[in-house]
Amino acid sequence: MPICPKYGIMADILILVFPTVGEELSLLNLLTQYVITLVVVSVVDFVTSDMAHRLLHRRLQQYERDTLFGGELKGTTVAILKSAVIWIIIKLLHPFIYTLVRLIPLWISQIVGLVLLALLAADMISVIYAGEVIKRREMRAGKKTGRKSGKGQKRTAEAMTQAVSSEEKLGNRLCDAIWKRLEKAYPGMEERDDIRSGKYVFAKGLCLNKLLWIFIIWAFVGDLFETVFVWATTGVWMSRTSVIYGTFSIVWGFGAVIITVVTQRLAGKEDRYVFLAGTLLWGVYEYTCSVISEVVFGRTFWDYSDMMFNIGGRTNLLFCLFGGLLSVMWVKTLYPMISGLIEKMPPALGVVVTWGVIVVMIADLLLSGAVLSRYVNRLEGQEAQNVLEEFIDENYSDEFVESIWPNMQVPGSGEPVWQQGGTE
């Protein structure tokens, strides 16, 4: 399909965030919106380029260089100009596009949206499948020729032909058609230099398995840190978890993943570059998380309005600087150590435990979202509509929900649950 999903992701994030900054045409608001755009565009560019690299086992193009975090003057200039264009386009075109979509009957727009979403999902799955098939072919061909795959090393035509002929199926013909389209779209596509046919190492490099464990580790550490910090500053032992079961802060977990992926290219540079990137990343990330929680659940889980140099109460300069400092510590010291420990995990055990953690965490997140959503509906006087909502009402009372998330509040109320005579 003639679709580039990363621009849709950028637009969705910015369209959600912009109204919370303010619509006044003041210099401060315009500058704030542009800085947010610059960071969001760079992060999405960087992450999607890295995902394509890992899923297709090819470098389509060096998109991550043309970001705020690429570490090159030319790339930073490209990112600044590109972000300015995207910012202008969203400010000028989005109101017209939004109006046109609203003119379409709701049931038609929903059907069209679902069909396009299904086609996009099928398109992406087929491309990922093609990447895996090509990888297996190259590994088999490498064994036949007695070579290890590496940058600049090409497979012989005979070995590749034998690898393909061993499984002449519809899937292979589909894979070939998809791969030809990719090669036509990205003529400069380079083979990854880390496809090895030797001994398997669990979570080698910056892969999905390693990112999952980074998420879990920092979600746990972040929850403990916030709990101790709140106790030290307020004298209140307050739950800071994001889920019903377990002590995990989803904000810290995802934040660690994003910072890890984006700042790895800066690992060899001076600390100030990592500090600046981490400061900007954490500020925009924390602000965006606050907006998303308000849009989805109608509640916010932190408010910094009483702190100096805050932006809408959603983030503040002190915590942004703390994020920058933590980024330097993580990239320069902690990540290499933790990465090495993860890779020492026995491969079979690592795979089993990883998938077990994935299943448990997804179930915990879905249940937590359902419980919080039902809590909000109960406060609005809505009766249970199905068996699931009845189950939640019976097992997760308002008091229980408020004990899990005591700091949540209606946006702008300034009265978190724990200050209303709740948890202390």
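Me: Which helices each supply at least two residues of the lining of the largest cavity?
Reply: This is a predicted model. Among the lining residues of the largest cavity are Trp-252, Gly-255, Ala-256, Ile-259, Phe-322, Gly-323, Leu-326, Ser-327 and Trp-330. The helices that each supply at least two residues of this lining are α8 (250-263) and α10 (317-343).

Me: Which helix gives the most to the lining of the largest cavity?
Reply: The lining includes Phe-322, Gly-323, Leu-326, Ser-327 and Trp-330, and α10 spans residues 317-343. With five residues, the helix that gives the most is α10.

Me: What is the volume of the largest cavity?
Reply: The structure holds one cavity of 30 Å³ or more. By class, its lining has eight nonpolar, three polar and no charged residues. The volume of this largest cavity is about 140 Å³.

Me: How do the residues of the contact of α7 with α10 divide by class, and how many are charged?
Reply: The crossing of α7 and α10 is right-handed. On the α7 side the contact includes Lys-210, Trp-213, Trp-218 and Phe-229, and on the α10 side it includes Phe-322, Leu-326, Trp-330 and Glu-343. Trp-218, Phe-322, Leu-326 and Trp-330 also line the largest cavity. The contact residues divide into 14 nonpolar and one polar, and the number charged is two.

Me: How far apart are the axes of α7 and α11?
Reply: Helix α7 (residues 208-234) packs against helix α11 (residues 347-379) at an angle of about 55 degrees. That angle makes α7 oblique to α11, and the crossing is left-handed. The axes are apart by 11 Å.

Me: How many residues of the contact of α7 with α11 are nonpolar?
Reply: From α7, Asn-209, Leu-212, Trp-213, Phe-215 and Ile-216 meet Val-353, Thr-354, Val-357, Ile-358 and Met-361 of α11. Two of the contact residues are polar and none is charged. The number that are nonpolar is eight.

Me: Are α1 and α2 roughly parallel or roughly antiparallel to each other?
Reply: The axes of α1 and helix α2 (residues 27-56) come within 10 Å and cross at roughly 155 degrees. Angles over 145 degrees count as roughly antiparallel. The two helices, α1 and α2, are therefore roughly antiparallel.

Me: How many residues of the contact of α1 with α2 are polar?
Reply: The crossing of α1 and α2 is right-handed. Residues including Lys-6, Ile-9, Ile-13 and Val-17 in α1 meet residues including Gln-33, Ile-36, Val-40 and Asp-45 in α2. The contact has 11 nonpolar and two charged residues, and the number that are polar is five.

Methods. Residues numbered from 1 in each chain as written. Predicted model: local features only at pLDDT ≥ 70, side-chain atom pairs only at ≥ 80, totals over all residues. Heavy atoms only, no water. Axes fitted to C-alpha atoms, helices over the stretch in contact; angles between N-to-C directions. Helix = DSSP H or I, 4+ residues; strand = E, 2+ residues; numbered from the N terminus. Parallel < 35°, antiparallel > 145°, perpendicular 65-115°, else oblique. Left-handed = near helix turned anticlockwise from the far one by under 90°. Contact = heavy atoms within 4.5 Å. Nonpolar A, V, L, I, M, F, W, Y, C, P; charged D, E, K, R; others polar. 1 Å grid on protein atoms, 1.4 Å probe; cavity = no way out; pocket = protein on both sides within 12 Å on 5 of 7 lines; lining within 4 Å. Points joined across faces, edges and corners; volume = space filled by probe spheres on them.
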